[in-house]
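Student: I have a new model open on my screen and I'd like to learn how to read it. Can we walk through it feature by feature?

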Amino acid sequence: MPRTERAPSMGRPTTSTALPVGTKVLSIGLHPSALDYSWMPDGVDESVLTARIGAANAALRDAGFDAVPCLIDNSPDSAEATVREQLRQQTFGLAMIGGGVRMLPENTLLFERLVNVLTEEAPGIRLCFNTSPEDTVEALRRWIQA
């Protein structure tokens, strides 16, 4: 797989107070079956992305985060219903929305709907963003102090 350039570490935000350890996190991302792999680097397919997501979820657990994975499809209606159901079942202090939702122009409406359902169903929830499954732990650490 070709090497991709990554943005430098963003560090700890200074505009908000850190959340306490043990804050429950809703980790939202596109289900690997919902993606078009034609724009992905060679060697990245559904099975590879599924493995990367699994490794990221294991890394979250190993880092001590109380994270609930929430894989969605790219239908705004279906994704909104899935996230709304998660928010009604549990209380979350932080939601992480993955790069596949935010970074693809065709998912702009999906991203808007998710932000709005999160703020509607869970007033006060904080949002954070990763750029890939591999930097999810870093994204959460910006907001939850260990």
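Tutor: Let's start with burial: a residue is buried at under 20% relative accessible area, exposed at over 50%, and partly exposed in between, using a 1.4 Å probe and protein chains only. Take Phe129: its relative accessibility is 31%, so Phe129 counts as partly exposed. Across the protein, buried residues make up 40% of the 146 residues.

Student: Before we go on, what kind of model is this?

Tutor: This is a predicted model, so local features need pLDDT of at least 70 and side-chain atom pairs count only at pLDDT 80 or more, while totals for chains, interfaces and linings use all residues. Residues are numbered from 1 along each chain as its sequence is written, and side-chain values use heavy atoms, with hydrogens and water left out.

Student: How many helices and strands does the protein have?

Tutor: Helices (H or I, at least four residues) and strands (E, at least two) are DSSP runs, numbered from the N terminus. Here you get five helices and four strands. Along the sequence they follow the pattern β-α-β-α-β-α-α-β-α.

Student: In what order do the strands form the sheet?

Tutor: Two strands pair if DSSP finds at least two bridges between them. In this case four strands make an open sheet, ordered β2-β1-β3-β4, with parallel pairing. The edges are β2 (66–72) and β4, each of which pairs on one side only. From one strand to the next, the twist averages 25°; angles run from 0 to 180 degrees between N-to-C directions, and axes are lines fitted to C-alpha atoms, for helices over the stretch in contact.

Student: How many bridges join β1 to β2?

Tutor: Seven bridges, and the two strands run parallel. The chain gets from β1 to β2 through helix α1 (residues 46–62), in a right-handed β-α-β crossover. Right-handed means that, with the strands pointing away from the viewer, the path from the first strand over the helix to the second runs clockwise. On to β3 (residues 94–97): β1 pairs with it in the parallel sense over four bridges. Ile28 is a handy landmark, with Cys70 as its bridge partner in β2 and Ile97 opposite it in β3.

Student: Is β1 enclosed or open to solvent?

Tutor: Six of the seven residues of β1 are buried, so β1 is largely enclosed by the rest of the structure. Val25, found in β1 (residues 24–30), is buried at 0% relative accessibility. Val25 stands opposite Leu94 in β3.

Student: Which residues is Val25 in contact with?

Tutor: Contact means heavy atoms within 4.5 Å. Leaving aside neighbours within four places in sequence, Val25 is in contact with Asp66, Ala67, Val68, Phe92, Leu94, Leu140 and Ile144. Look at Ile144: Val25 and Ile144 are 119 residues apart in sequence, yet 9.7 Å apart in space, C-alpha to C-alpha. For the protein as a whole, of the contacts between residues at least 6 apart in sequence, 76% join residues at least 24 apart.

Student: Where do the helices sit on the sheet?

Tutor: One of them, α4, lies across β1, β2, β3 and β4, running at about 175° to β3. Gln86 belongs to another helix, α2 (residues 76–89). Gln86 counts as buried, at 17% relative accessibility, and beyond its neighbours within four places in sequence it is in contact with Leu26, Val68, Cys70 and Phe92.

Student: How many aromatic pairs are there?

Tutor: A pair of aromatic rings is described by the distance of the centres and the angle of the planes. Rings of Phe, Tyr and Trp (its six-membered ring) pair if their centres lie within 6.5 Å; planes under 30 degrees apart count as stacked, over 60 as edge-to-face and the rest as tilted. The count here is one aromatic pair. The ring centres of Phe111 and Phe129 are 6.0 Å apart and the planes are at 75°, so this pair is edge-to-face. It links distant parts of the chain: Phe111 in helix α4 (residues 108–121) and Phe129 in strand β4 (residues 126–129), 18 residues apart.

Student: And how many disulfides?

Tutor: A disulfide is a pair of cysteine sulfur atoms within 2.5 Å, and the count here is zero. Cys70 is buried at 3% relative accessibility, and Cys128 is buried with a relative accessible area of 1%.
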